[in-house]
Amino acid sequence: MRFVTSSTLALLGLRACATLSFTPLVPISPPLIDGKARLFSAPPLRPGGGSFALLASSGDSATSAEEEARRLREQAERLRREVADVERSKQEVAKAEREESERTAAEKRDVRMRYSAEVPILKGDGSTVLERVDFPPRIAGGKSRIEACQAPLPLGILLGESEENPGVIQVDEVASDSNGEVSGVKEGDILRACTACQATMETPTWQLLAGGIGQPKTKRFMFSADGQPLEEVMGAIASNRMDPEGRPVWLVLERVE
């Protein structure tokens with residue numbers, strides 16, 4: 001808005017009022033800009049204002065990047081922990097399975113050692129080899145074990161058929177200081193097997209062609225006493241006298257612990 005002073009009026013040929021020391025200012029209409037009156041001009045921009053906005057924007061971007069990096073690091077650390085937990089769990093499961101397998105195998109070995117014994121086995125070529133043979137228990141409940149011993153004849157033991165378990169031959173009596181007692185036979189033992197000897201005639205081919213009758217040969221083998229009559233078991237034990245080498249009798253016994 002512009003004002004006209006008295007000096008301006010004098011220049012224009014107008015006389016000012018004597019009673020007033022000055023003439024009231026007469027407003028002059030402001031120029032129209034874009035159809036609207038503009039009384040004041042826009043305030044000037046502050047120096048450096050645009051640079052401040054750019055710096056603020058750059059600072060926000062840097063903070064956001066740091067937050068994103070921190071979030072990614074935390075996520076990676078969490079994933080590493082989860083992977084480590086999974087691996088540890090797998091190792092624990094594998095260890096438990098391995099221990100269970102070893103325990104089962106140990107139990108099977110224990111059972112086999114409990115109900116087996118190494119005895120001389122006659123092979124097809126006439127040789128004898130010590131082999132471990134399994135003897136399933138005749139006494140239920142896992143309260144027994146298999147024992148093997150050797151004793152020369154006479155054994156000094158009395159055998160009998162079990163009244164409670166048909167087909168079972170047991171030791172009813174062991175003479176004091178007898179070969180059986182010295183070898184470890186005990187009263188109540190169940191006889192599962194023993195060595196027996198059998199004489200056979202072997203004839204080489206050249207003797208057969210010549211009309212020969214062959215030569216006698218004695219074989220010793222393991223005789224199972226399970227389900228056998230008492231007379232046959234006694235005969236098998238006594239047949240060890242036929243052994244030309246005079247070896248002791250093998251006895252396989254099942255003993256209640």
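Reader: Which strand is the place of Asp-172?
Author: The model is predicted, with local features needing pLDDT of at least 70, side-chain atom pairs counting only at pLDDT 80 or more, and totals for chains, interfaces and linings using all residues. Residues are numbered from 1 along each chain as its sequence is written, and side-chain values use heavy atoms, without hydrogens and water. Strands (E, at least two residues) and helices (H or I, at least four) are DSSP runs numbered from the N terminus. Asp-172 sits within residues 169-174, which form strand β7.

Reader: Is Asp-172 buried or partly exposed?
Author: Buried means under 20% relative accessible area, exposed over 50%, and partly exposed in between (1.4 Å probe, protein chains only). The areas come from the Shrake-Rupley method. Asp-172 has a relative accessible area of 32%, so the residue is partly exposed.

Reader: Which residues form the negative surface patch?
Author: Patch residues have over 30% relative accessible area and no salt bridge; like charges are joined within 9 Å, nonpolar side chains (Val, Leu, Ile, Met, Phe, Trp, Tyr) within 5 Å. Asp and Glu count as negative, Lys and Arg as positive, while His and the chain ends are not counted. A charge is placed at CG of Asp, CD of Glu, NZ of Lys or CZ of Arg. The negative patch consists of Glu-163, Glu-164, Asp-172, Glu-173 and Glu-187.

Reader: How many salt bridges does the structure hold?
Author: A salt bridge needs a side-chain nitrogen of Lys or Arg within 4 Å of a carboxyl oxygen of Asp or Glu. The number of salt bridges in the structure is 19.

Reader: How many residues apart are Glu-257 and Arg-114?
Author: These two form a salt bridge, with the closest N and O atoms 2.7 Å apart. Arg-114 belongs to helix α2 (residues 49-114), and Glu-257 to the segment after β10 (249-256). The pair thus links distant parts of the chain, with a separation in residues of 143.

Reader: Which residues join Glu-257 in one network of salt bridges?
Author: Glu-257 is exposed, at 57% relative accessibility. Salt bridges that share partners build the network. Glu-257 is joined there by Arg-114, Arg-145 and Glu-147.

Reader: Why does the salt bridge of Arg-192 and Glu-254 tie together separate parts of the sequence?
Author: The closest N and O atoms of this pair are 2.8 Å apart. Arg-192 is buried because its relative accessible area is 2%, and Glu-254 is buried at 0%. The two parts are 62 residues apart in sequence, because Glu-254 lies in strand β10 and Arg-192 in strand β8 (residues 190-202).

Reader: What is the N to O distance in the salt bridge of Glu-245 and Arg-247?
Author: Glu-245 is exposed, at 59% relative accessibility. Arg-247 is partly exposed, at 28%. Their side chains meet at an N to O distance of 3.5 Å.

Reader: How many disulfides are found in the whole structure?
Author: Cys-149 is buried, at 11% relative accessibility. For disulfides, the search of the whole structure gives a count of 0.

Reader: How far apart in space are Phe-135 and Asp-226?
Author: Phe-135 lies in the loop between β4 (128-134) and β5 (144-151). Phe-135 is buried, at 10% relative accessibility. In sequence, 91 residues separate Phe-135 from Asp-226; in space, the C-alpha to C-alpha distance is 9.9 Å.

Reader: What is the phi of Asp-177?
Author: Asp-177 is placed in the loop between β7 and α3 (179-183). Asp-177 is exposed, at 67% relative accessibility. Phi is positive here in a residue other than glycine, with a value near 60°.

Terms used. Disulfide = S-S within 2.5 Å. Areas by Shrake-Rupley, 256 points an atom, 1.4 Å probe, with all protein chains shown as cover.
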